[in-house]
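Please open the model in the viewer and keep the selection panel at hand.

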Amino acid sequence: MASLQTPNLLIIIDDSSFDLRINSGIASHTKLFKQIVCFSSAEAALDFLAENINNPEIFPHIIFLDIQMPEMDGFEFLERYDTFPNGFKAQSHVIMISSTDDLRDIVRAESDRNVVKLLKKPLQIEELKKLVANIYKH
């Protein structure tokens, strides 16, 4: 299978260590990703992306991004992410994950051009498999 048809790297960004463990475990269980890297801060994830932007070995095909985080929330992450090269963003898919019921957050996430989908926490295995299949179908 061609490398662009299968996610190579999943990045999960969430300030909750509990949610990181749960969601990385669920993602790992699907066996869809060669590697899963977790960040507890959006700032650290952006630094990682910027440092490795031209490294195909650790290209993040899918990024799970929590909305509500201290210091830099998911929307602030997206503002910085939007400055990345268009070619990078075209192949990297941001999926926001949140437990929020705040309609403003939901509308804002769903209307962001860099966000593929907003999922509720915790991730569901079948929903994750279906979403990845939809992203990579040709």
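Contact here means heavy atoms within 4.5 Å. Helices (H or I, at least four residues) and strands (E, at least two) are DSSP runs, numbered from the N terminus. The model is predicted, with local features needing pLDDT of at least 70 and side-chain atom pairs counting only at pLDDT 80 or more, whereas totals for chains, interfaces and linings use all residues. Residues are numbered from 1 along each chain as its sequence is written, and side-chain values use heavy atoms, without hydrogens or water.

Begin with helix H2 (residues 42-51) and helix H3 (residues 74-81). In H2, select Ala-42, Glu-43, Ala-45, Leu-46, Asp-47 and Leu-49, which meet Phe-77, Arg-80 and Tyr-81 of H3. The two axes (lines fitted to C-alpha atoms over the stretch in contact, with angles from 0 to 180 degrees between N-to-C directions) come within 10 Å and cross at roughly 20°. H2 is therefore roughly parallel to H3 (angles under 35 degrees count as such).

Next, select helix H1, residues 17-30. Colour Asp-19, Leu-20, Asn-23, Ser-24, Ile-26, Ala-27 and Thr-30, the buried residues of H1 (buried is under 20% relative accessible area and exposed over 50%, with a 1.4 Å probe and protein chains only). These residues lie on the same side of H1 because they cover an arc of only 160° around the axis, taken from the directions from the helix axis to the C-beta atoms. Phe-18, Arg-21 and His-29 are exposed on the other side of H1.

Definitions and conventions. The expected span of a helix is 1.5 Å times one less than its number of residues. Angles under 35 degrees count as roughly parallel, over 145 as roughly antiparallel, 65 to 115 as roughly perpendicular and the rest as oblique.
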